[in-house]
Amino acid sequence: MTLPDTRVSADVRTGDAGIPTAVPARVGVLGGGRMGAGIAHAFLLAGARVHVVERDAAAADAARDRVETALSRSSQKGVEIPDADTLIVGTDTAAFADAGLVIEAVPEDRALKLDALARIEGAVDGAAVVASNTSSISIDALAGSLTRPERFLGLHFFNPVPASALVEVVTGAATTPEVVGAATAWVEAIGKTAVVVRDAPGFASSRLGVALGLEAIRMLEEGVASAHDIDTAMELGYRHPMGPLRTTDIVGLDVRLGIAEELERAFGARFTPPALLRELVAEGHLGRKTGRGFYEWSE
Ligand SMILES: NC(=O)c1ccc[n+]([C@@H]2O[C@H](COP(=O)([O-])OP(=O)(O)OC[C@H]3O[C@@H](n4cnc5c(N)ncnc54)[C@H](O)[C@@H]3O)[C@@H](O)[C@H]2O)c1
């Protein structure tokens, strides 16, 4: 039996297929929240001019603060940071007109993303690549709102972006190999490692990560071991840098519950959220951000 290989071929990676593999000179980011600001920061450090577009002026100010804070942290670590005028923050998607790549990072809401992507496509040049940072919505479902789905794909960055080495490059049914090749090269040019994943619920990382997290919660429910000991088993026994329950606390129990529900719809009972997860979320114990999840978190 031959195992499927989703990796892009060497000739596509070297840019022979027509899309430059150097980081685009102009990059757009729609939504400058936690992820969008991190993505903007990564492309600024790689030498791109970055336009961040937010929903209103107050959100634009907050987005600017987030990117500038990230840049000043990099500067304190001795990283050379670009001139201030390479970051442009505004509220009008017309700013994306000359971008080679635009990434949407608005909240995880299908209708909002469909609208955001249609607005991006209406603003960009036909040669631009458009990407979504969705963590759980099908790339093919999002492509449904686009007239150029062949130039659309998922670029799933991880939180916090500056500290994360991974980006999942998620290929839709219509995404061309050239677009996948260029996007993979851009990810590598900003200093991260790309894994290429076919559009499937949970991609590679969330599906496996959530499966482990849900089983750990069931074990806690069944009294198999304490949260601390379940995590230690994975950290020392399997060399995971962090156990599944602590990871769930950091990601947010509400975020994990949302992804589990999406995966349950796709794969059935093996992703049914455990009662304990639902109870903690209903009580407002969402993990580190609320001070309590499977652990107590102090300031
Ligand atoms: N936070 C994570 O751990 C994480 C990890 C990977 C992927 N993601 C995905 O990244 C995306 C963004 O998540 P986040 O955590 O950065 O959310 P966030 O709430 O921090 O940021 C979203 C930003 O989008 C802006 N926004 C909302 N509507 C807008 C609109 N119509 N036009 C322009 N901007 C708009 C908001 O003002 C906000 O600044 C989601 O799809 C999420 O699933 C998040």
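**A close look at α2**

Tutor: Happy to! Let's take α2, a helix of twelve residues that spans 17 Å from its first C-alpha to its last, close to the 16 Å expected at 1.5 Å a residue. Keep in mind as we go that this is a predicted model.

Let's begin with how α2 sits in the structure. Ten of its twelve residues are buried, so α2 is largely enclosed by the rest of the structure. Buried here means a relative accessible area under 20%. The buried residues are M35, G36, A37, G38, I39, A40, H41, A42, F43 and L44. As a rule, an α-helix has 3.6 residues a turn, so residues three or four places apart point the same way. What lies over the buried residues of α2? The cover includes the strands β1 (26-30), β2 (49-53), β3 (87-90), β4 (101-104) and β6, together with the helix α3.

Just after α2 comes G47, which takes a positive phi of about 100°.

Now for the ligand. M35, which is one of the buried residues of α2, is also among the residues that come nearest to the ligand, along with E54, E108, K113 and S135, out of 23 residues around it. At M35, a polar backbone atom is 2.8 Å from an oxygen atom of the ligand. With E54 and S135, the side chains take part: an N or O atom in the side chain of E54 is 2.5 Å from a ligand oxygen, and for the side chain of S135 the corresponding distance is 2.6 Å. Taken alone, the ligand exposes 820 Å², and the protein buries 81% of that. Which elements give two or more residues to the shell around the ligand? They are α2 (34-45), α3 (57-76), α4 (110-123) and β6 (152-157).

In the loop between β6 and β7 (166-171) you will find P160. The peptide bond from N159 to P160 is cis, with omega near -5°. For background, most peptide bonds are trans.

Key:
Residues are numbered from 1 along each chain as its sequence is written. This is a predicted model: local features need pLDDT of at least 70, side-chain atom pairs count only at pLDDT 80 or more; totals for chains, interfaces and linings use all residues. Side-chain values use heavy atoms; hydrogens and water are left out. A residue is near a molecule or strand if one of its heavy atoms lies within 4 Å of it. A polar contact is a pair of N or O atoms within 3.5 Å; within protein, one must be able to donate a hydrogen and the other to accept it, and residues adjacent in sequence count only if both atoms are side-chain atoms. Accessible areas come from the Shrake-Rupley method with a 1.4 Å probe; for residues, only the protein chains shown count as cover. Helices (H or I, at least four residues) and strands (E, at least two) are DSSP runs, numbered from the N terminus. The expected span of a helix is 1.5 Å times one less than its number of residues. Buried means under 20% relative accessible area, exposed over 50%, partly exposed in between (1.4 Å probe, protein chains only). Contact means heavy atoms within 4.5 Å.
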